[in-house]
Amino acid sequence: MSTTARRVWHAIGCLWRPSTYLRWVYLLLGAALVLAFILVDSALGAVVSDLGLPKVATGTLYVVLGLVPPLVLGLLPAVREVEGIAVESLLAVRFEERPLGPARTWAQRRRTTAWFCLHLLAGGTIGILSTIVFGFGAIWLAAPFRSAGPHDVVPGWTYQIRGNWTDLWMPASAIGGLAGLFLLSAAVGALLAYLAPRVLGPTAAERIELLEKQTATLAERNRLARELHDSVGHALSLVTIQAAAARRVLASDPEFAETALAAMETSARAALADLDHVLGLLRDDRRPGSRTAPQATLGGLDRLVEATRAGGIAVEVEHHGDLEQLPAAVSREAYRIVQEGLTNAIRHAGRPAGELAVQLSICLDGSGLELIVANPVSGRSDHSGGGRGLAGIRERVAVLRGTVDAGPVSRPDGPGWKLAVRLPVNVTKG
């Protein structure tokens, strides 16, 4: 098949595609808007003609009345959103910004106005052609069935209808006109579909801004996931070790079992509160003005230690330096690192709660902030399991450009595990 034949076959195939008629409908929407503007301009033009102004002034007013309404309407922010919906639905265009929101800048408004005027121009042209093709097409389709004799088949053109096969060229022309109309609509619609992302869609600068917002959203969700892992993981580790202890002494020491159950309740409530808070943030992250709750810092270290001790874990704390001098961002991340370090110690020590002692050291000096969590382990422990604890710590430390050293160590009381984190800090008040 030759190239020309393939093109003709491709063009004929367009007549069977739903997209061809959807594009025609989109153009007819532009034609309907043109008709509305013409009706309004006709009413205003009648008022202008009654003013008795000079011809030059009258002509100028007619031009203004014809151009100003579509330009003013195109500048409305909502027009971009409405046109975006129509383009996506009828022209099958997918924008990078979804859904396409209202015009927020004057650059977007100018591009939207240009698109709106282009829609009116293309739609008005196709609308006029549709009126001609459908109007005359109905007459020409019925021509062979009319009585023989002269008939007006086009205004101003009288044709001698013979009432036989020689008149078949008229319905054939009508069908060809319809096919040509839809093919032209498909071509114009394809051109508009090509231009839509470039005119209505975001520019390169806007795409960069959109990517930055998406990156910030993903980073925030990643941070929330780490927060949830650390807080809920810590609480669940305490609940697990307390449940095991309570089960072992339930018959022999009911008082201790009751204390363990109370600690489990407190830890579970705290975990549920954190879970509810994080899920609320994830649900409401698109609401204007949404704010996150105050985040834990090293200022709340005493509460974390007391909650851990309430779970039956002996925590020895040693710290040097004024932690209030830490920058807020470093203090928040350091709190979560300590929390995850304690969680790992509880989870992987392989010892009952009453036999586990954890040493926590925090030192702030001119060289930076040092965090050390050390604990004994048994042969059953496995700090290299498939959890996300150490990976989360390394991610936090990498953001702050610090260093992490974690691994088994020898202790006087046997094998142990040590987590050491150093964060570079410029200590300043506030």
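1. Let me start with Arg-401, which sits in the loop between H11 and strand S6 (403-411). Its phi is positive, about 60 degrees, although Arg-401 is not a glycine. As background, most residues other than glycine have a negative phi. With a relative accessible area of 75%, Arg-401 is exposed. Please keep in mind here and below that this is a predicted model.

2. Ala-92 belongs to the loop between helix H4 (77-90) and helix H5 (106-142). Its relative accessible area is 61%, and because anything over 50% counts as exposed, Ala-92 is classed as exposed.

3. On to the charged pairs: how many salt bridges does the count come to? The count comes to three. I take them one by one below.

4. Glu-333 and Arg-396 are joined through their side chains in a salt bridge, with an N to O distance of 2.6 Å. Glu-333 is in helix H10 (residues 328-348) and Arg-396 in helix H11 (residues 389-399), so this pair ties together parts that are 63 residues apart in sequence. Are the two partners buried or exposed? Both Glu-333 and Arg-396 are buried.

5. A second salt bridge runs between Glu-370 and Arg-422, whose closest N and O atoms are 3.7 Å apart. This pair also links distant parts of the chain: Glu-370 comes from strand S5 (residues 368-376) and Arg-422 from strand S7 (residues 414-423), 52 residues apart. Glu-370 has a relative accessible area of 26% and is partly exposed. Arg-422, at 29% relative accessibility, also counts as partly exposed.

6. The remaining salt bridge is between Glu-306 and Arg-309, with the closest N and O atoms 3.3 Å apart. Both residues lie in helix H9 (residues 301-310), three residues apart, or about one turn of the helix. Glu-306 is partly exposed, at 46% relative accessible area, and Arg-309 is partly exposed too, at 36%.

7. While we are at H9, do have a look at how its residues are arranged. Leu-301, Leu-304, Val-305 and Thr-308 are buried. Viewed down the axis of H9, the buried residues fall within an arc of 95 degrees, so they line one face of the helix. The face turned away from that buried side carries Asp-302 and Arg-303, which are exposed. Just after H9 comes Gly-312, with a positive phi of about 90 degrees.

8. Finally, the packing of helix H3 (residues 55-74) against H5 deserves a comment. Their axes come within 8 Å and cross at roughly 130 degrees. H3 and H5 are therefore oblique to each other. What is the hand of the crossing of H3 and H5, left or right? The crossing is right-handed. On the H3 side, the contact is made by Pro-70, Leu-71, Leu-73 and Gly-74. H5 contributes Arg-109, Thr-112, Thr-113, Phe-116, Cys-117 and Leu-120.

How values were computed: Residues numbered from 1 in each chain as written. Predicted model: local features only at pLDDT ≥ 70, side-chain atom pairs only at ≥ 80, totals over all residues. Heavy atoms only, no water. Salt bridge = Lys/Arg side-chain N within 4 Å of Asp/Glu carboxyl O. Helix = DSSP H or I, 4+ residues; strand = E, 2+ residues; numbered from the N terminus. Buried < 20%, exposed > 50% of the residue type's maximum accessible area, 1.4 Å probe, protein only. Arc of directions from axis to C-beta. Axes fitted to C-alpha atoms, helices over the stretch in contact; angles between N-to-C directions. Parallel < 35°, antiparallel > 145°, perpendicular 65-115°, else oblique. Left-handed = near helix turned anticlockwise from the far one by under 90°. Contact = heavy atoms within 4.5 Å.
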